Amino acid sequence: MLTANLIRTKRDGGVLNAEQWRFLIEGYCGGEVMDYQMSALAMAIFFRGLDRRETAELTRCMVDSGERLPRVSDRPRVDKHSTGGLGDKVSLILAPLLACCDVDVPMISGRGLGRTGGTLDKLESIPGYQTQLSIEQSSRVLKDVGCFIVGATESIAPADRRLYGLRDVTATVESVGLITASILSKKLAASLDALVMDVKVGSAGFMPTIQQATELADSLQEVGAEAGLPTIPVLSDMDQPLGRSIGNANEVNESLDVLDGGGPEEVRALTLRLSAELLVATKQAGDLQTAEGLLARKLDSGEARQRFERMVHEQGGKLSGHLPLGKQRDTVAERSGWVESIDCPAIGDAIISMGGGRRKTTDPVEPSVGIDLHVRVGDRVETGQPLWTVYEGQVACPPIQPVRMSETSVPARPLILQRKSGG
């Protein structure tokens with residue numbers, strides 16, 4: 001086989017078979033297929049797409065390019081993946097919460113890039129927290145605690161790591177087939193029994209429309225099922241940030257509030273729903289209502305908070321309460337009305353400008369900066385009521401007006417837009 005011929009096949013809308021995909025991926029990892037050739041292939045895929053069988057074959061090859069995490073107990077293994085957005089701190093709560101319910105949660109997470117926050121950046125706001133553990137170290141934490149949250153090692157789906165780096169700099173990220181293979185290759189390498197996918201829909205998410213989100217959800221569910229990994233996609237709202245806090249340290253603080261049985265209701269509700277889906281999928285609960293009741297009790301009793309603290313301790317972190325934040329500056333409403341919309345891009349860009357996010361992967365992150373929103377779409381606001389709070393570091397926040405007001409009432413936005421059944 002010649003790499004150029006396979007690129008030409010995809011360029012012209014053809015379909016590659018399993019042997020051809022394996023030739024490409026093994027060749028790429030072994031140095032026989034060059035970066036410029038894989039970049040050309042990624043662009044051909046971007047324009048021509050992958051059918052479900054091709055996506056499944058590519059996923060399988062990327063899993064086989066590295067190691068799989070070992071099972072350390074006879075408990076079910078589950079995980080959650082989100083397509084990202086502003087204020088999405090669910091992973092910090094979900095992993096220890098599910099670990100309280102006799103399931104293992106080996107969570108491999110990522111860093112933020114652009115407006116989307118990264119779970120690892122949030123956790124690294126905690127002094128000493130180690131996100132880079134060897135397979136042996138993470139397996140020990142999983143056996144002792146029931147969960148870990150780490151970054152991917154070079155031995156887990158290395159083909160995906162290399163290919164994603166190319167996609168990020170060649171404008172080929174937004175391909176449903178490539179996104180599906182990237183996500184599922186890492187989750188299959190984690191030896192999971194069930195995966196719940198939180199597919200975000202809206203201006204602060206990766207998929208701005210229901211149609212785009214549904215296409216991705218269908219792909220994840222079908223390819224996951226073919227690979228033996230039950231995958232439950234849930235479409236949730238990202239036309240406004242999730243919860244109150246957007247940043248790093250302030251999102252950890254909000255997570256602690258939820259783990260203490262409080263915090264914003266929408267963060268609690270989404271965490272309970274996603275966690276319940278996994279308990280039902282692994283037959284740890286008979287239905288969603290029963291599962292959510294069990295999970296709510298684990299939050300309200302403080303058991304989930306204790307499990308989170310154990311995980312932090314085992315991963316080297318030192319947590320003694322809420323984390324310190326930057327200099328506080330509040331903005332209040334100049335008139336009464338209803339919240340019509342939230343300008344999510346403005347919030348994300350402001351946090352990046354203060355150093356709380358990255359323009360490129362090598363940028364450092366200032367954990368103490370961020371923004372807290374005190375209102376949600378549909379809320380009634382009175383003159384003088386707090387709208388948002390900025391936490392500044394060495395760089396001041398640029399002027400922003402993220403809250404758009406209406407003189408007439410506005411309906412609240414639903415949190416969960418759709419659940420994809422089957423699979």
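**Close-up 1. S191 in the loop between helix 9 and strand 4 (194-201) of a predicted model.** Phi of S191 is near 60°, a positive value in a residue other than glycine. S191 is buried, with a relative accessible area of 18% (buried means under 20% relative accessible area, with a 1.4 Å probe and protein chains only). Helices (H or I, at least four residues) and strands (E, at least two) are DSSP runs, numbered from the N terminus. Residues are numbered from 1 along each chain as its sequence is written.

**Close-up 2. A157 in the loop between strand 3 (147-151) and helix 8 (158-169).** A157 has a phi near 45°, a positive value in a residue other than glycine. Most residues other than glycine have a negative phi. A157 is buried, and its relative accessible area is 1%.

**Close-up 3. The packing of helix 4 (residues 52-64) and helix 9 (residues 176-189).** The two helices pack at an angle of about 40°, and their axes are 8 Å apart (axes are lines fitted to C-alpha atoms over the stretch in contact, and angles run from 0 to 180 degrees between N-to-C directions). That angle makes helix 4 oblique to helix 9 (oblique covers what is left after under 35 degrees as roughly parallel, over 145 as roughly antiparallel and 65 to 115 as roughly perpendicular).

**Close-up 4. Residues in the contact of helix 4 with helix 9.** Helix 4 contributes T55, L58, T59, M62 and V63, while the residues from helix 9 include G177, L178, L184 and A189 (contact means heavy atoms within 4.5 Å). Local features need pLDDT of at least 70, and side-chain atom pairs count only at pLDDT 80 or more.

Definitions and conventions:
Side-chain values use heavy atoms; hydrogens and water are left out. Buried means under 20% relative accessible area, exposed over 50%, partly exposed in between (1.4 Å probe, protein chains only).
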